[in-house]
Each structure stands twice: as structure tokens, then as C-alpha cells.
Amino acid sequence: MDRITSFSVDHNKLEPGIYVSRVDGDITTYDLRTRKPNNGAYMDTATAHTVEHMFATFVRNSEIKDDVIYFGPMGCRTGFYLVVRNADNEQVLKVTRKILDDIIAYEGPVFGASRIECGNYLDLDLEKCKAECRLYRDILKSEQSFKYTD
């Protein structure tokens, strides 16, 4: 069995930040790493789930909405994947920062927080989501460029 690319990255070397994890033709996969891997401090499911709902909705309504293929949590609960067609790294970083600010400022119900729209609609927490987005926004304030996994 071939080893998948993401298992070939030494996760002990990864720090929080934004990474170009792979490029497949016109498709770029970004790792939005909010936490240091293998450090014991992982997102709880309500936080990851709520960031997924909020970020996915905002990014699919952003200036890159037509190129967004996927946004969702990493199973290890240390960040998220953003998959974009025809990606411009600086634009993705700018949009990501704006979305984090939008989530932090948001007042209202979590997007998709009903039994009809979500398979686990009770496991959502907007305040925990905002705290995670604040943490990540502060990390990205100092990011001038993308990191690349190797």
C-alpha cells in the first residue's frame, strides 16, 4: 500500500501557521494548523465542528467562493484543510485573515445549527470557536508567507 503524502510529513517539526501541503495541477491543499501537533493540546469536537460550520460558510461566500473545493477539520484536531482551485497564496492568506475577523465579530446563531442542516447540531459552541479563531488570527498576524511541508 502506498503511503499518503500527509503521513510523510514529520509532524514533530510542524508549528502553528498556514502551509501549502500539496499542489495537484490547479488544486492547492492548505493546512491551516491552529495548534502544534503531538503537543497534547487538541481542539475539542465542539470547537472544531463550529469552526468548520462558520469558516466553511464564510469562505463559500468570499471572493474566492467559486474556487473553494473543501474546508474541514483535520482528524487529529490540530487544524483544518482548505482546498482551493486556481489558488493565489497571498489572496488565500488575506481571505483567511478576514474570515477569522468575521467569525470573531459574529453575533448570531451558528450557521447550519439545526437538526435538518447538521447531523450533530447540538455539538456546537460559538464562544469556543471564537477563542480558536482569535488564537489562530494572532498566529497569522506574524505570518508573512506560507510554510511548505516537506
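Guide: Gladly! For sorting a lining by class, Ala, Val, Leu, Ile, Met, Phe, Trp, Tyr, Cys and Pro count as nonpolar, Asp, Glu, Lys and Arg as charged, and the others, Gly among them, as polar. With that in hand, the lining of the largest cavity has eight nonpolar residues, one polar and one charged. Please keep in mind that this is a predicted model.

Now to the cavity itself. The count comes to one cavity of 30 Å³ or more, and the largest cavity has a volume of about 60 Å³. Its lining is made up of Leu 32, Thr 34, Val 51, Phe 55, Phe 71, Phe 80, Leu 100, Glu 132, Cys 133 and Tyr 136. Two elements, helix 1 (45-59) and helix 3, each give two or more residues to this lining. Helix 3 gives the most, with three residues.

Helix 2 spans residues 89-105 and helix 3 spans residues 126-141; they pack at an angle of about 145°, with their axes 9 Å apart. The crossing of the two is left-handed. On the helix 2 side, the contact includes Leu 93, Thr 96, Arg 97 and Leu 100, while Cys 129, Lys 130, Cys 133 and Tyr 136 are among the residues of helix 3 that take part. Sorted by class, the residues of this contact are nine nonpolar, one polar and six charged.

For a contrast, turn to the largest pocket, which holds about 180 Å³ of space. It is lined by 13 residues, and those nearest its centre are Thr 5, Ser 6, Ser 21, Arg 22 and Tyr 81. Strand 1 (17-24) and strand 2 (27-33) are the elements that give two or more residues to this lining, and strand 2 gives the most, with three. By class, the pocket lining has four nonpolar, six polar and three charged residues.

Finally, let us step back to the whole chain. Three helices and five strands make up its secondary structure, arranged along the sequence as β-β-α-β-β-α-α-β. Its C-alpha atoms fill a box of roughly 40 × 35 × 35 Å along the principal axes. A compact globule of 150 residues would have a radius of gyration near 15 Å, and the chain, at 15 Å, agrees with that.

Terms used: Residues numbered from 1 in each chain as written. Predicted model: local features only at pLDDT ≥ 70, side-chain atom pairs only at ≥ 80, totals over all residues. Heavy atoms only, no water. 1 Å grid on protein atoms, 1.4 Å probe; cavity = no way out; pocket = protein on both sides within 12 Å on 5 of 7 lines; lining within 4 Å. Points joined across faces, edges and corners; volume = space filled by probe spheres on them. Helix = DSSP H or I, 4+ residues; strand = E, 2+ residues; numbered from the N terminus. Axes fitted to C-alpha atoms, helices over the stretch in contact; angles between N-to-C directions. Left-handed = near helix turned anticlockwise from the far one by under 90°. Contact = heavy atoms within 4.5 Å. Rg over C-alpha atoms; globule rule 2.2 N^0.38 Å.
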